[in-house]
Amino acid sequence: MKSLETKRSMLMIQLGGIYGLWLREVRRSFRDRGQLIGGISRPILWVVILGIGLNPYFRGEVFGKVNFVVPFTYLQFIFPAVIALNILFTSVQSAVSVIWDREFGFLREVLVSPLSRGTILLGKVLGGATVAVMHGCLVLLLAKFADVNLTWMKVLEALGLMSMLAFALTSLGVVIANHIRSFQGFGIFSNAVILPLYFTSSSIFPLDPALSQAQTRVVYPEWLVTVVECNPLTYAIDALRGALIGYNQFDPYLGILIMGSSGVVLFGLALFEFRRA
Amino acid sequence: MSNILNSSVAIRLEKVSKRYGRTVALDEVSFEVGEQQMFALLGPNGAGKTTLMHILSTLLRPDAGKAFVAGIDVMKKPLQARQRLGIVFQEPSLDDRLSVHENLDLHGLIFGVPRTLRRQRIEELLALVELTDWTDKIVRTLSSGMKRRLEIARAFIHDSEILLLDEPTVGLDAQTRDRIWHYIHRLQTERKITVMVTTHYIEEVEKCDQVCIIDNGKVLADGAPKVLKKEFGQQLLRIVPKTDEDQIKIVTRYAERLSRIDGTEIILTSDDSFSESFLAENGARIRALSIEVPSLESVFLTLTGRDIRDKEINLREQTKAFGKIGGEHTK
């Protein structure tokens, strides 16, 4: 009986710990002006400048026929991808707090608490993911400008997908942070991960759905097609597009499956390294 | 062997050893700290004090030996052991982007303190360390002394029975150091807890119930300050001779009692009868004379053959200082 009570009390401590660490990450994010400015300026830059600038060119001559590659404007097409970009940047950068905490001693304070390593990591990842989803939501405010009609159902569906994506990417950030000892190193390394991951995810250009597999490999360099198809972010952005503008190049469930499994695998990897560190 | 020990012993170490590579940080360290005692671990930088603290706080695993806090084996039941401990690290461990209140509240949350109790304790403790007016201030705006006081208060948000303080006053001015010690003594008396403190400031351990002198990872002596002074302390005679010739004569005559020469001052080991006979014999040769009663400084000198502040940092200390960072060696 006593053991059951002890286990229950330990479970309550773990849950309280997750909440405490989650709250800390969220509070810190509101006080981090740099991150907030980035979260606002990034979508404006991508949607207003890149989106408007490339909007007229979002069509192509393929096999002698001029057509729009996908039945949407470029602004509509990149809108879900800009949400993913904001989540990508914020998630990975949220994980920099692991380095911060290690450098400035806070990690020790948490490590001598009754929280397990799993709880500590879950609290941090959930906190980082929440901040990333909030930054993703900032992009949703530009929906009208991008001619994307939102309904509550669409928003709810997108929020679910954004949360899964944010969880997986924050875990990826922690994996990176576990290998990096300085802030500068993290900045360089995370950019080396973020930008290639984003540019090879069909975020800013689609693989033409009108083309067959063989034609695609003729039109685009084969290596690029392979990289795009192997990039998990491709399927996450595709699922988000499906939810927000009703356009999918792949099976929408594939996106959910890949995001879910990436989240589990990356969190597991982050936990393995966090326990070892 | 059982994981639970006699409850009257708050901390117990049994032949604890720890190495960093080829450097021995702790070499079969054993001692006991009784409940509600103020226990000081005294040693120079690199003696192994912080390593010992990290082992007790479950941040490090020893290579050999056992450590118990409140009767709990820290290696076998670390989560339970941590619930009994309040820890103040040598390096600050506050979140400087959160406010004073938020830091304390977060600590309460991660230690499972219910909301009502948390609020009540935060209020009480902030009043105790005189930080009530700073409740909503962001921690990075506080002075070093205030941060230290906040860290001490934080260690009491949960039901800690044992407070581990790793060099709590290092880097602080004398006035702030006094104030910190005032809070530590007050908390110990009011909450009836056991305090284990590491320090290399000898004057800070005089008021402790028990002192353990540690150097190069080994325990050299352990006991009440009075007992240590009686057992290992030396009465010293500080003499300033009138001339250089007098200095030579005294040094030659009392070579076997010579402790050291400090500029023009000769320091001889002494006792009551020697002081009298020395004065009678050499009164005309000396300009000034003072008798230094046995102190912990002299105890340290006797045990290690050097002054606690004399030690230069060498490669061994540098390796251990690396260990002090904590995160890198944390298991």
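These legends walk through several views of a predicted model.

**View 1. Chain A as a whole.**
Chain A is built from twelve helices and two strands. Following the sequence, the order of elements is α-α-β-β-α-α-α-α-α-α-α-α-α-α. The C-alpha trace of chain A spans about 75 × 40 × 35 Å along its principal axes. A compact globule of 277 residues would have a radius of gyration near 19 Å, and the 20 Å of chain A agrees with that.

**View 2. Inside chain A.**
Here we look at how the residues of chain A are placed among one another. Of the 277 residues in chain A, 45% are buried. Now take the contacts in chain A between residues at least 6 apart in sequence: 81% of them join residues at least 24 apart.

**View 3. Helix H6 packs against helix H12 in chain A.**
This view brings together H6(A), residues 117-140, and H12(A), residues 252-276. Their axes are 10 Å apart and meet at an angle of about 130°. The crossing of H6(A) past H12(A) is right-handed.

**View 4. The residues where H6(A) and H12(A) meet.**
Which residues in H6(A) take part in this meeting? They are Arg117(A), Gly118(A), Leu121(A) and Val125(A). Across from them, H12(A) brings Phe267(A), Ala270(A), Leu271(A), Phe274(A) and Arg275(A). Sorted by class, this contact of H6(A) with H12(A) has six nonpolar, one polar and two charged residues.

**View 5. The side of chain A that touches chain B.**
Next comes the meeting of two chains, with 23 residues from chain A and 24 residues from chain B in the contact. On the side of chain A, the elements that give two or more residues are helix H1 (2-31) and helix H5 (106-111). Which element gives the most to this side of chain A? It is H1(A), with eleven residues. By class, the side of chain A that touches chain B has ten nonpolar, six polar and seven charged residues.

**View 6. A close look at Arg8(A).**
Arg8(A) lies in helix H1 of chain A. Is Arg8(A) buried or exposed? Arg8(A) has 10 C-beta neighbours inside 10 Å, so it counts as exposed, since the cut-off for exposed is 12 or fewer. For a sense of distance, compare Arg8(A) with Ile194(A): they are 186 residues apart in sequence and 41 Å apart in space, C-alpha to C-alpha.

Terms used:
Residues are numbered from 1 along each chain as its sequence is written. Chains are lettered from A and ligands numbered from 1 in the order in which they are written. This is a predicted model: local features need pLDDT of at least 70, side-chain atom pairs count only at pLDDT 80 or more; totals for chains, interfaces and linings use all residues. Axes are lines fitted to C-alpha atoms, for helices over the stretch in contact, and angles run from 0 to 180 degrees between N-to-C directions. Helices (H or I, at least four residues) and strands (E, at least two) are DSSP runs, numbered from the N terminus. A crossing is left-handed if the near helix is turned anticlockwise from the far one by less than a right angle, and right-handed if clockwise. Two residues are in contact if their C-beta atoms, placed from the backbone, lie within 7 Å. Ala, Val, Leu, Ile, Met, Phe, Trp, Tyr, Cys and Pro count as nonpolar, Asp, Glu, Lys and Arg as charged, and the others, Gly among them, as polar. The radius of gyration is taken over C-alpha atoms; the globule rule is 2.2 Å times the number of residues to the power 0.38. A residue is buried if 20 or more other C-beta atoms lie within 10 Å of its own, exposed if 12 or fewer, and partly exposed in between; C-beta atoms are placed from the backbone.
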